[in-house]
Amino acid sequence: MTVRLAGAVLALVLPAGLAAAAGLHHELDVTLDPPSRRLAVTDRLTLPPDVKTVSLAPGLVLDSVTRNGQPVSISRSGDTLTLPGGEGPVTLRYSGTLPDLPPDRMPAGGMGMGTEGAFLPAGSGWVALGGDEPPTWTMTVRVPAPYTAVASGALGGEERSGQGTTVTFAETRPVETPSLFAGPWTVTERMAGGVRLRTYFHEEQAALAEPFLDQSAATIARYAGAIGPYPFAGFSVVSVPVPVGYAFPGLTTIGRRVLPLPFVRGQSLDHEILHNWWGNGVRVGGGGNWAEGLTTAMADHAAAEASGEDAALRLDWLRDYAALPAGRDQPLTAFRGRTHDASMVVGYGKTAFLFLMLRDRIGDEAWQAGIRRFAREQMLRDAGWPDLRRAFEVEAGRDLGPFFTQWLERPGAPSLTLDEVAVVDGGVRLRLGQSAPAYDLTVPVAVEDAAGTRTHAVRLSGLETVVTLPASAPVRLVAVDPDHRLFRRLAPGEAPPILRDVTLDPGSAVVLAAEGDGREPARALAARLIDGKARIVTAAKADPAAPLAVIGTAAAVDAALQSLKLPPLPDTLAGRGTAQVWTTRRTGGAAVLVVRAADAAALAALLRPLPHYGRQGWLVFDGAKAVDRGGWPAGTSPLRVEMGRVAIP
């Protein structure tokens, strides 16, 4: 049943098992006034003996510091507060006017407030941070009408009136400093499997509340069955002005403008829900962020498997990696979080590949058991790659050290070769090779004969091996890793150009092919697209061996392409939309990205959407909407041999 809340007082009981833990503890009383952007906090802070300092955002002003009702002196340097020794909690009273909350970007300092509401995530410094372990906390929040508030933690009570809303939240386990949000929302609620599900949606999103609750309930039940119990008391989907999605313990914030888009429920929601197990439940310890890759494997890739599109998704990840300049590669142990597209290629795609290759190596049953063991043993703890390895080793009953070492500690990936393919009695003989330094690989090799296709697992631990694979009829085709199950460098012909071939390379040059009022939006679009500082050149000075972007208005772009001796607008894109975007290659192989818009307004319309389409080979835009998109067909791969074209001894 769904309940829309208005004018009610709810007294809610915290879930069983939420017992208070020793350590840093906050008792917070918070007042938010979004129109004036004012925040006022009283924090009764219980300190463990080893915590002498805490940090607080520099823009927040300490109004008083007391212990047992008596003023105490502290020292403050920037965001660091050195607290007095003694017995009993210290009460901090502080306030401040926060940065404005813009509708199209993160607020300054990571937190903000305005007429749209409040955005106060954990780690932004709005609550004092201290010690090595997450704190426990209780919090009462007051906001004026028409706003309401939501926070991470278990909902303890809620009172609404014509003047405003008062809500209480608590987390009595060491999970995370509270995250707090406010907005003029309609709240829709449902209980499912003992979990309190809610949506905090703006008026225009009201029709989406039930579908989001349906999917949240189904997704939580599915992951609970696969991993273990859902770790939190509830789950809320919260519409915010900030145009990005974030996962917090027990809730996700999604940008107001993107929340209605189909991909949010089709892909993003499951990913954010799963973060309640990976990242928020089991926390990321030192030695690299495993949580984004595991979440990508179990959410995004699982959805692709269910629709039969998993091989295409893995190819997308490999194409992303093919576009990554060698200087921007890094080992998985160095990945901490997404800071730009280059870090996402490694931290999401390559890490997801590690988990999928591990599943192929040890089998689905041992892999699933390892996942459940890892969650059971590490829930509400900091955990790292060694903990994952141990969980999988126990369930697989084998040493997985070499597998994890080669994929975690090295940057790069192997390149595969296929040579000397020949039909022999009973099958086909071939030489399989890889680039140095060698990886220990299990390579899928598909052999097609008149009876069908059979895929063989070929062990390749050195630079090359010669194997004979059986076949029951004349062999027609041999293909190495045709479904892209290995993380590797794509062979020539497997990687037609995509936007990221240019946008990820800091060495990319940009030709601004626009005059008059089109030049400024062309320059702004170049700055948005290139993952680094855009290097502006003339067509005459463009290095033919370096990636290149040509950005501008139609006539000037056509002239620049002619000057650069590049192919003109493809016939398949001609006459379509207000802007056409496509990739091609120069004679020497360098990637070229072309953005050709009808006028300055059509260029400006691409500023927001175009950077999100890095995997595409071409697009057609009508204003800011991508009305068509796709990739160029792959060429002939040297890892695929049709036997009719091979000389048979």
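**Rings and a helix crossing**

Let's start with a cluster of aromatic side chains: Trp-317, Tyr-321, Phe-353, Trp-407, Tyr-439 and Phe-487 group together as one. Keep in mind that this is a predicted model, where local features need pLDDT of at least 70, side-chain atom pairs count only at pLDDT 80 or more, and totals for chains, interfaces and linings use all residues. Residues are numbered from 1 along each chain as its sequence is written, and side-chain values use heavy atoms, with hydrogens and water left out.

What counts as a pair here? Rings of Phe, Tyr and Trp (its six-membered ring) pair if their centres lie within 6.5 Å; planes under 30 degrees apart are stacked, over 60 edge-to-face, and the rest tilted. That rule gives 23 aromatic pairs. Take Trp-407 and Phe-487: their ring centres are 6.4 Å apart and their planes stand at 85°, so this pair is edge-to-face. The two come from distant parts of the chain, 80 residues apart: Trp-407 is in helix H8 (residues 401-409), while Phe-487 is in the loop between strand E30 (475-480) and helix H9 (500-503). Helices (H or I, at least four residues) and strands (E, at least two) are DSSP runs, numbered from the N terminus.

Are these two buried or exposed? Trp-407 is buried at 2% relative accessibility, and Phe-487 is buried at 1% (buried means under 20% relative accessible area, exposed over 50%, partly exposed in between, with a 1.4 Å probe and protein chains only).

Now for a tilted pair: Trp-618 and Trp-632 sit 6.4 Å centre to centre, with 45° between the planes. Trp-618 belongs to strand E36 (residues 618-622) and Trp-632 to the loop between strand E37 (625-630) and strand E38 (640-642), so the pair ties together parts 14 residues apart in sequence. Trp-618 is buried at 14%, whereas Trp-632 is partly exposed at 22%.

Over to the helices. H3 (residues 291-306) and H5 (residues 341-362) pack at about 75°, with their axes 8 Å apart. Those axes are lines fitted to C-alpha atoms, for helices over the stretch in contact, and angles run from 0 to 180 degrees between N-to-C directions. H3 is therefore roughly perpendicular to H5 (65 to 115 degrees; under 35 is roughly parallel, over 145 roughly antiparallel, the rest oblique). Where they meet (heavy atoms within 4.5 Å), H3 contributes residues including Leu-294, Ala-297 and His-301, and H5 residues including Tyr-348, Phe-355 and Arg-359.
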